[in-house]
Amino acid sequence: MAERQEPERNNEPMPRRAWDAPLVGRAAELATLDEAMRAAADGTAAVVLIAGEAGIGKSRLTAEAANRARADGWQVLSGGCLDLAEGSVPYLPLMDALHDLPIDTLSPLLTRWLSGVAEEPSPQHSEDAARGRVYAAYLEVLRASSPNSPLALVVEDVHWADRGTRDLLSYLVRALTAPTARARVLIILTYRSDDFPRGSPIRRWLGELARRPSVSRVDVAPLGRAEVGQQLNALEPSTRTRRRRSFFTPRATRSMWRNWRRSGPLGSQGCRRSYATLQRSE
Ligand SMILES: Nc1ncnc2c1ncn2[C@@H]1O[C@H](COP(=O)(O)OP(=O)(O)O)[C@@H](O)[C@H]1O
Ligand SMILES: [Mg+2]
């Protein structure tokens, strides 16, 4: 049995949010995102699907890509889907994303749409036609922003996307990545790949998106041994880990460390035991 060390606790405030902690690893994933950003900046719109189990680091990776984009002068619009207890709020993440733009730059049609005032169907405009006008206006927002600076649209957790959000995203992806289209736009979608019932419509929708040209997929895997060590080390500099390959998600590693830090070396047995698991040799 390898000797375990209880590191000294430090008194620095704990980083709380995904993007507060330094990013560990993910070089290959970031290379795919960088390539998509380069293509989009040159006028070939790109889509990246970021897949992985809960807590694996999809949001952290996406936050890194978004920060890089902003630093390079990109405009970043972002929204996230919710796991609602009941019903759905159509288009919620895509409406949220538009709020990242100054409201006075939006067309009256989109401003009305954001405030929940749907266009009345009339003999000239059926409900479908009204929806089509909103879709076209949304596409124009993405296209119009791109001549001055490239634009990234990030939608997180699309495994919870409502039907309207999926339809509008399909429309945008199809229009932006058509062979003759030119648009300096990158779309990043994240989703949990471990949570789809067979035959789920969302799984089919993602499968169709993935088959389109200009769409690449990044599968976020658990961090390797050295990277778990780096993650813990960034949180607690005196930590050593000896695991060859971690089956913990970065979130699990982090929450064990948090529990350990709260209760300290003299704290609860369970918490000390789980933290020590990270340090045990195989
Ligand atoms: N590559 C990484 N380096 C450092 N911390 C990470 C990394 N990936 C994830 N984390 C941390 O793990 C936790 C869960 O990650 P998150 O991105 O929210 O997972 P997901 O979006 O896949 O559910 C966050 O606190 C995040 O800071
Ligand atoms: Mg997430």
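**A closer look at strand E1**

Modeller: Happy to! Strand E1 (residues 46–52) is mostly covered, with five of its seven residues buried. Strands (E, at least two residues) and helices (H or I, at least four) are DSSP runs numbered from the N terminus. A residue is buried when 20 or more other C-beta atoms, placed from the backbone, lie within 10 Å of its own, exposed at 12 or fewer, and partly exposed in between.

Keep in mind that this is a predicted model: local features need pLDDT of at least 70, side-chain atom pairs count only at pLDDT 80 or more, and totals for chains, interfaces and linings use all residues. Residues are numbered from 1 along each chain as its sequence is written, while chains are lettered from A and ligands numbered from 1 in the order in which they are written.

Now for the partners of E1. With E4, E1 pairs in the parallel sense over seven bridges (pairing takes at least two DSSP bridges between the strands). Within that pairing, Tyr191 of E4 stands opposite Ala51. E1 also pairs with strand E5 (residues 215–219), again in the parallel sense, over five bridges. There, Val47 has Val215 as its bridge partner.

The largest nonpolar core has 50 residues, among which Leu153 and Val185 touch the most other members. Such a core is a set of buried Ala, Val, Leu, Ile, Met, Phe, Trp, Tyr and Cys residues joined through C-beta atoms within 7 Å. Strand E4 (residues 185–192) supplies the largest share of this core, six residues. A second, separate core has seven residues, including Val24, Leu223, Val228 and Leu232.

In soluble globular proteins, nonpolar side chains tend to be buried together.

Of its 282 residues, 32% are buried. Among contacts with a separation of 6 or more, 73% join residues 24 or more positions apart. Leu30 itself is partly exposed, because 17 other C-beta atoms lie within 10 Å.

Notes
Two residues are in contact if their C-beta atoms, placed from the backbone, lie within 7 Å.
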